[in-house]
Structure formats: C-alpha cells, structure tokens
Amino acid sequence: MFRSFLTAAALAALALPSAAQDLLIRGGTIHTGVEAAPTAEVVIARDGRIAYVGAAADAPSVEGLEVIDLDGATLFPGFTDGHAHLDGIGWRELTLNLEGSTSVVDAMARLTAWAESHPDGVIVGRGWIETRWPESANGARFLTAADLDAAAPGRIVLLGRADGHAVAVSTPALEAVGITADTVAPSGGEILKGADGRPTGLLVDAAEQLVARLMPQADPAQTRAAYRAGFAVEARYGWTGVHFMSAPWGDIPLLEQMAADGEAPLKIYNSVTPDGAAALIAGGPRDVADGRIITRAIKYYADGALGSRGAALFEPYSDRPDTTGLMQITEAEIVPLYEAALRGGIQLATHAIGDRGNGSVASWYASALENVPASELPNGTDVRLRIEHAQILRPSDYGYFANLPIIASMQPSHAIGDFHFAAARLGDARLDGAYAWKSLVDLGVIVVGGSDAPVERGDPLIEFYAAVARRDLDGFQGPDWRPEEAVDRATALKMFTLWPAYASFREDELGTIEVGKRADFTAFDIDLMTVPEADIPKGKAVLTVVDGVAVYRAD
C-alpha cells in the first residue's frame, strides 16, 4: 500500500550480483541439514548445482573453480524466508521508517524531520508499534491524528502500524476523504473513535482502504527500484529465497522481467493477491528463469492482527470486551474460491491470527477438500495447504494441521514481541495455544519459519534465536511465555531451510546441502548450532550464494 519516490543516489547504490562461477567453499564448518551426514569440510558447486559434499581429502580437483574460504564462518543450506513482503521491504528503505521508535515523542520527532526534508506531497511511512511505548500501557495508546497534526502541520500523513493492519492518518487526510463522526466503517474494518464520537485518526484493517486513493502512485521505474532495494536487503541478511506473500498481481510481470534481466538475485515464490486469482488459475503456475520466480499460490485474509485487535477470537478480547476482532471474509465467499484454486492446481495460503480466524480457515479448507474429488486435483491430494501466522490456536484445533494436513507458516519474532502484550489481549488461558511451534512439530506438522518483514526486521538470526530461545532480544522471558514451546536447533534449521522448500514444492531441489540440489548457501560468522543462545542475534551473514552465484559477500 505504501509508496514513495527513490532518489537517483539511492538507485545508484543498489548493486547487482556478480557473474556465475563454479565454486569450492571450505575453511569453516558446513552444516548440511542431512541427518546421515550432518557436517562436511568442502562443498563444490558446478553449473548452479551441488557437485560434491564431504571431506577435503576426497574432493575432486579444484582446477577451474573459484575458491571461497569461509575463514572460520559457518555454512548452511540456503535460508529461505517463508513469509515476507518483498515490496514492503523495499519501500521501507525508501520511505519514512518508524521501526524501532521508542515512544510517541520519538516517532513524531522522526515525522517532523522527514516533513522538513520533504516539504511537498503526501507523507507515507510505516513501522511504528505502540506496545512498549511509555505512553501506551499494554498497548492502549495508538497514534492519533492530533499527534500527526502537531508533528507535521497541514500535511496529509499516512503512517502504517508495523503489522500493516492499521494506519494512523492526519486530520487533513481524514478531511480529504470525508471521514467524519458519522462515517460507518466497511465490513472487516474499524474506524477508532474517541469519547466525543469523532475519529481518532486510526483506521484498522478494511478501513485502511478509505484513504488508499491518497497514496502516491509509483511509476514502473520506482516500483522496480523498490524491488531492487528489497532484494539487496534480503541478500545482505543471508536469505537465498523469499516466499513473497500478497505479491501484487500487477507486479508479477515486472518481477519476471527483472529475473530475465539478471536483477532478481534471490529465489522468489509468489503467493499473489486475490485480484490475480482468476488469471492465475486459468493460466496455471508460472515458472520463470529456471525457478528464479515461481508464482503458484494465492494469499487470502481471514482476519486482522492481534496488536490492533483485529485478530478474530472466539471470545472477547480480555482488554476490550466489546470486540472479538474482525473477520475479513465469510465461509460462503471463500470456500468456492478455495475450490477453484484446488481444481486449478494453485496452492492456498490464508492469513489467520486469532483462534476464530484459524479455526474458521481450517474448517473451510476441510469443506473445500470434501467438495473437490481427488480426480479433479491436478496435484492429487498433495495440495500443501498453508495457514500464514497460525498464531493463536485452540489446542483442540491442532488436529486440523496434523490430519488435513495444513502447513503452519509462522514467524518466531512475532512471539517475542507480542508476548509483552498478548496476556493483556487474551488472558492466560488462551496462551496455551499461542505460537505453539513445538506442539505442532511434535504432531508431525510442517512449521515454516519466516519473518513477515517489514512487519519485523527480517533478520534470519533474530528469527532463529526467537524459535530456540523464546526470549526477547534483551533475554527477557515472562512467566506466561510458555517456554516449553521453544524448539531445538535442528528443528529451527529445518524451519528456515528444508520446510520452506517443502512448502513451495521444491524439497527435491532445495533445503539441504546434497549432491544434485541447487547450490544455495548461507554463511554466518557464528555457528548457530553451538553458539550460546544469547549470541545468536549478535551474528551476521557473511556470504549468500544462489545457484552457485555469490550474491552477497561481507567486506
């Protein structure tokens, strides 16, 4: 939703990957992800595929190979972000970034500085989250139009909450679209209003669309630049692939052209916006540039987010008993859409955060599968249904994930952020099914790890740490954080390597370091399998290799 303009200087700073070469990588521990042979000394890649993995003494001739010495770093199968928004990651680099703001005062100081340096046009930004601000006990204080008006007087300002499910807008923005005390929110949305009945300036979920026409429209060159920025950020973090959720259908041809032009350094698996559903089903899955850009899934939304109280719950919010959240679609609307996708061989991915959202999606999936005979499924019964987030579940609904089955696409960093306010939103009892990674894994469920960037920072080391430590970045773990739901390191590695490969139907090509698979590798300056937990987020990626091409190397 958020758009801005890229300067010439920023465009010039975005580097493209180097030319492909056959590689020999050595000089550090190599974790293969293969249980029978978990480590190796050397890996050789030829023509983008792994040609040798094993002991240095048994390696074939290195003649003609580019030798990369890890210098003590640790190599892993390529890390894949199982849920991210590539466009949003790029635009975060190019617009007002409120990520990490420590208070209302800090966020508004950033807005003032941006307004002064950008005196014309609509101001667009994203990244604020109020849950730990001193002005906002238990997340009760959102940004308001009054805040924005004081920081940027007279300007149209649109500042998205980090989760993308709410936007704070200025009074000029409210006036421009005619939002008043009498305005009724669209279905699936909420216009927050004060005690006087007037809009506070916060629009939740579907109500965000009321100001959509105020967004600056990016031209193709700007959109391409944003994707280049997103690619650069992800490669620098060590991601070799991204499952691009809510990929705008209109941007798919651009991404495919970027791949053809050598400007897509990472593997992208697209789950497109619903406006592209009919065309994707009619045309079938798309695979461009030897798997560099694959478009095979549709992303739907069942509910909103927990922080903005849009996640749909069976019982009212503990800290706001007048609401149970916001469903974005009904069973009557979605089940026929699911059935059409199944018949077209297109994967389904549905956003669900609250227990009612998750329970509804699971039952809708079950209904769709019952209504479509196996003979009408192009992939047979191997449909690999996904629920994106699966954050708050009733334990009684775990069986859906195990038996249908459903892939749980989860983002560990959400837990270590949300747990600071989740008890206030949910009460203690509902935390039994919150961010239940280990419970699901123990039932044989595929749990795909992702970051949801730009909702979160997008660093794989933060995600890995959150999965195994279940503590915030300061090492804090509250008494109600359900520490037993942390996973071991071998499981966490699968969450970011083999299981995203499975979730994109590519486990035969990706996810482990084995002969014949794609030469996708990530190297960090720490060994994730042995370093103390607290040191995991202190590391950094030093090498990112995709199809045998080093697309990022640390200085």
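The buried residues of helix 10 are Asp 355, Gly 357, Asn 358, Gly 359, Ser 360, Val 361, Ala 362, Trp 364, Tyr 365, Ala 366 and Ala 368 (buried means under 20% relative accessible area, exposed over 50%, partly exposed in between, with a 1.4 Å probe and protein chains only). The model is predicted, so local features need pLDDT of at least 70 and side-chain atom pairs count only at pLDDT 80 or more, while totals for chains, interfaces and linings use all residues. Residues are numbered from 1 along each chain as its sequence is written, and side-chain values use heavy atoms, with hydrogens and water left out.

Helices (H or I, at least four residues) and strands (E, at least two) are DSSP runs, numbered from the N terminus. Among the elements covering the buried part of helix 10 are helix 9 (331-343), strand 19 (347-352) and strand 20 (385-389).

Turning to charged pairs, the structure holds 36 salt bridges (a side-chain nitrogen of Lys or Arg within 4 Å of a carboxyl oxygen of Asp or Glu). In one of them, Arg 224 meets Glu 263 at 2.4 Å, N to O. Arg 224 lies in helix 6 and Glu 263 in the loop between helix 7 and strand 16, so this pair ties together parts 39 residues apart in sequence. Glu 263 is buried, at 12% relative accessibility.

Methods
Contact means heavy atoms within 4.5 Å.
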